[in-house]
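Please have the structure open while I talk.

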Amino acid sequence: MISPYRKTTLLNRVAIASIGAAVVFAGSASARTTQAEIDADATSTGDVLSWGIGQQGQRYSPLKKVNKKNVKKLVPAWSFSFGGEKQRGQEAQPVIKDGKMFVTASYSRLYAIDSKTGEELWQYDHRLPDGILPCCDVVNRGAALYDDLVIFGTLDARIVALSQETGKVVWRAKVDDYKAGYSMTAAPLIVKDMVITGVSGGEFGVIGRVEARDAKTGKMRWIRPSIEGHMGYIWKGDKKVENGITGTTNATWPGDLWKTGGAATWQGGSYDHEVDLIFYGTGNPAPWNAHLRPGDNLYSTSTLALDPDTGKISWHYQYTPNDGWDYDGVNEVVSFNTGGKKLAGHADRNGFFYVLDRTNGNLENAFPFVNRVDWAKGVDLKTGRPIETGVRPGDPTKSKDGKKGDSVFVAPSFLGAKNWMPMAYSPDTELFYVPANEWGMDLWNEPVTYKKGAAYMGAGFTIKPLNEDYIGALRAVDPKSGKVVWEYKNNAPLWGGVMTTGGGLVFTGTPEGYLKAFDDKTG
Ligand code: CA
Ligand code: CA
């Protein structure tokens, strides 16, 4: 199974994985993964038990053994190919326990690997039906560990819990209908002995939601839809009980559009035990053509803070009201404390970095982290709302033929000032390290009606770089001042996650095929 690096995109992700292991792996503990171990993941250096290297999502390893002085001596220990014709986009963060690495691959596959030798222990290859509808490559972003299980979501909208020892299925659950565009790509989150998941499919008019199941058995605990008007549920024993509608029906959505409103929860969530809240991002309102759905379209393009015991929305913050650019709002929420405040950082596709009070969702700071943002001049810190410039694509019903509205050029592009690839936060430097991209798009709207299983967008686009010499820029961002402390420009878009360490390093990979380590203070 050990093969030479055959493909630069693969090299990128696998190299990150093995370095992540090298930096973080330092021993083993008990065989079963307990909730207490997961809660302590950020500080325990012998394992990686959660997406985010700790539920708060900082992606900070406190280990100092690999540091600024010796990092140049790092060499590959092994590489592992996800090969065959199923080898496609690789976006997973591995989890590691007792010397075993569990990493998901394209087409809903999961591998158990000996983390010291790179030897395959077992492989689970999910049998996918014909007709799955992944919007944007057949990726998966990782698995979760709980007890003796390794749990992940599949492209046909199922959750599968496998034995860590054998790879055999212990329980499985259907989340929704893949023929309606539902799929699963994010890593699950384990909170209070529950497995927490979202759904993908915002380009097909699905209904986003966050769900909680008993992690040991898969039994439902609660479900919270992310679009106003839809009923939430809680399970009392085996009994499904109504638990209140999300928001107020038709408060921010016209007519029946909320029934196919999107707001997919397609990126992984985070959890902060200090405020006892689960944070999940929501994607674009559907369809992309915003002229069809006047209003804020809650709770699309938002962070939802959810009570883990009931799934009720404790607070929300919406980044892009009436999103007309597919900016989504799913990007990760990273908890951090500074100046006695419990805060959260979020770098949005829309070009702004947000600092929220994570106890109540109040906006503390917001500033651009890319050089050009056309759709808004800034964010009003008093109201928490963007100050829009009016750069929106034209209404197709007002065009001559009624088929294509006026095109506009707008930055960032919908691929985002930052997309799914997670940033890192160092409590040593108090900086965020953001994998940013500088690009814009021509964007226009078209008429569209909902049809089950068909793309529900009503928009067309052409992506364009903004600079001759680079698209990607790894930026060290100060959440207090809003200043970019340093940046590293990269020719290709940055499309990999970031990790920072107690050794004063920031790691990321590039599509050119390099693993790079930066000085956390100077870049
Ligand atoms: Ca750990
Ligand atoms: Ca989207």
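**Strand 7 and its neighbours**

Strand 6 (residues 144-146) and strand 7 run antiparallel and are joined by three bridges, where strands are DSSP runs of E with at least two residues, helices are runs of H or I with at least four residues, and both are numbered from the N terminus; two strands pair if DSSP finds at least two bridges between them. Before I go further, this is a predicted model, in which local features need pLDDT of at least 70 and side-chain atom pairs count only at pLDDT 80 or more, whereas totals for chains, interfaces and linings use all residues. Residues are numbered from 1 along each chain as its sequence is written, chains are lettered from A and ligands numbered from 1 in the order in which they are written, and side-chain values use heavy atoms, with hydrogens and water left out.

How enclosed is strand 7 by the rest of the structure? Largely so, because five of the five residues of strand 7 (residues 149-153) are buried, buried meaning under 20% relative accessible area, exposed over 50%, and partly exposed in between, with a 1.4 Å probe and protein chains only. In a regular strand the side chains alternate between the two faces of the sheet. Here both faces are covered, with L149, I151 and G153 buried on one side and V150 and F152 buried on the other.

**Salt bridges**

If we count a side-chain nitrogen of Lys or Arg within 4 Å of a carboxyl oxygen of Asp or Glu, the total comes to 33 salt bridges. One of them pairs K100 with E165, the closest N and O atoms being 3.2 Å apart, and this pair links distant parts of the chain, since K100 lies in strand 3 (residues 100-105) and E165 in the loop between strand 8 (158-163) and strand 9 (169-174), 65 residues apart. E165 is exposed, at a relative accessible area of 58%.

R213 and E211 form another, at 2.8 Å between the closest N and O atoms, and here R213 is buried at 3% relative accessibility, as is E211 at 3%. Finally, R32, D147, D148 and K216 are linked in a network of salt bridges.
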